[in-house]
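Subject: Structure handover and notes

Hello,

Please find the structure below, passed on to you for your own reading. My notes come after it.

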Amino acid sequence: MRPPTLIRGSILLVLASFLAGCKQLVVLNPAGDIAAQQGQLVVIATVLMLLIIVPVIFLTLLFAWRYRHNSQRAQDDYAPDWDHSTKLELVIWAAPLVIIIALGALTWITTHKLDPYRPLDRISVSKALPADIKPLEVQVVALDWKWLFLLPEQGIASVNELAAPVDRPIRFKLTSSSTMNAFYVPDLAGMIYTMPGMQTELNAIINKPGVYHGMSSHYSGSGFSGMTFKFHGLSNEAFDQWVAKAREGGRELSRDAYLELAKPSTRDPVALFASVDASLFQRVLNLCVADGQACMHEVMARDARRNRAHNAGVALAAATQQSVCTASESFDLLSN
């Protein structure tokens, strides 16, 4: 009975691996233009590397078979004094060098072109970016263990759900409440890290209507596995309806409400807020949401002013001492 059980287990394991792989195919066939360009980069880089890997594997197997111990050809071709071939050396060194140069050039260009901080220059491969289009600003806060989204233009907020119009650029501004995290919607763009007291940015766009999976891709504690959200790609009309639905809820995301929301919790349901404290994101970013906390940017500005005053005092004291020394030397010369 053991062999059939082992066979069945192996088959199930193979099928499970195929199913798991299907979920990852979104990286190569995403719904957003930035993610699509990143997927193309993965494919091109893989093909370039396979140009070396495949021939090496093939030739390794070929040589192992051709020059096996009992091969007559190996005995006929035996050349104990052979030590160099210019043609072979040229192939061995030139081919990898060309691949490395191509990969380097490709990486250099795409690293700048797909910089997450760089504003978009097109809607998709077939659509130019209109000059009058305004990006949708989304402020993102990674909490323990949920995602908070603030839409300042619309004046609303949401937890574990986000919507955006199709073919409209999105400018994400991201931070974290307590620990480093990573924001990732595979259909939208690559992941971008969030850190307390720091702001990162991501420019992206969604080109197809649908509901897409968003997640945290950086381990952040016991609730990490449930730190997921739904990203909705909607038409302009459907997006307006989603905003209206949030405004009808009547809940306000004040600073006190945020402090309650920021307490660690797992697998929180979707929540919508009709209004948001206008200074909330900047206070989260500067670690001063609670009353009485000094904002980080104010502390840094005060320290900078104090440092400049100290340096000016040191420079003034040095200049005064130099002037006294000069005057003393002049008096000594006159006295002599």
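Overall picture

This is a predicted model. The chain has a mean pLDDT of 86, with 89% of its residues at 70 or more. Residues 17-22 are the stretch to treat with care: pLDDT stays under 50 there, and the model gives them 0 contacts beyond four places in sequence. Where pLDDT is low, predicted coordinates should not be read in detail.

The secondary structure amounts to 8 helices and 15 strands. Of the 336 residues in the chain, 32% are buried. Taking contacts between residues at least 6 apart in sequence, 66% of them join residues at least 24 apart. The accessible surface is about 21,000 Å², and carbon and sulfur atoms account for 63% of that area.

Annotated spans

An unreviewed UniProt entry lists residues 40-65 and 90-109 under "transmembrane region". In the model, residues 40-65 are 100% helix and 0% strand, with 37 Å between the end C-alpha atoms. Residues 90-109 are likewise 100% helix and 0% strand, and their end C-alpha atoms lie 28 Å apart. The annotation comes from the record, while the helix content is computed from the model.

Salt bridges

A search of the whole structure returns 7 salt bridges.

Asp33 and Arg122 form a salt bridge through their side chains, at 2.9 Å from N to O. Asp33 belongs to helix H2 (residues 33-66) and Arg122 to strand S1 (residues 122-124), so this pair ties together parts that are 89 residues apart in sequence. Asp33 is buried, at 6% relative accessible area, whereas Arg122 is partly exposed at 22%.

Glu153 and Arg168 also meet in a salt bridge, with an N to O distance of 3.2 Å. This pair links distant parts of the chain, 15 residues apart: Glu153 is in the loop between strand S4 (146-151) and strand S5 (156-159), and Arg168 is in the loop between strand S6 (161-165) and strand S7 (170-176).

Asp121 and Arg118 make a salt bridge at 3.7 Å, N to O. Both ends of this pair are partly exposed: Asp121 has a relative accessible area of 47%, and Arg118 has 36%.

Which side chain of opposite charge is nearest to Asp187, and how far away is it? The answer is Lys208, at 7.3 Å.

As for its setting, Asp187 sits in the loop between strand S8 (181-184) and strand S9 (192-194). Leaving aside neighbours within four places in sequence, Asp187 is in contact with Val26, Asn29, Pro30, Ala31, Gly32, Ala35, Ile206 and Tyr212.

Regards

Notes: Residues are numbered from 1 along each chain as its sequence is written. This is a predicted model: local features need pLDDT of at least 70, side-chain atom pairs count only at pLDDT 80 or more; totals for chains, interfaces and linings use all residues. Side-chain values use heavy atoms; hydrogens and water are left out. Helices (H or I, at least four residues) and strands (E, at least two) are DSSP runs, numbered from the N terminus. Buried means under 20% relative accessible area, exposed over 50%, partly exposed in between (1.4 Å probe, protein chains only). Lys and Arg count as positive and Asp and Glu as negative; His and the chain ends are not counted. A salt bridge is a side-chain nitrogen of Lys or Arg within 4 Å of a carboxyl oxygen of Asp or Glu. Contact means heavy atoms within 4.5 Å. pLDDT is the predictor's confidence in each residue, from 0 to 100. UniProt positions are given in the numbering used here, feature names are shortened, and annotations may be inferred rather than shown by experiment. Accessible areas come from the Shrake-Rupley method with a 1.4 Å probe; for residues, only the protein chains shown count as cover.
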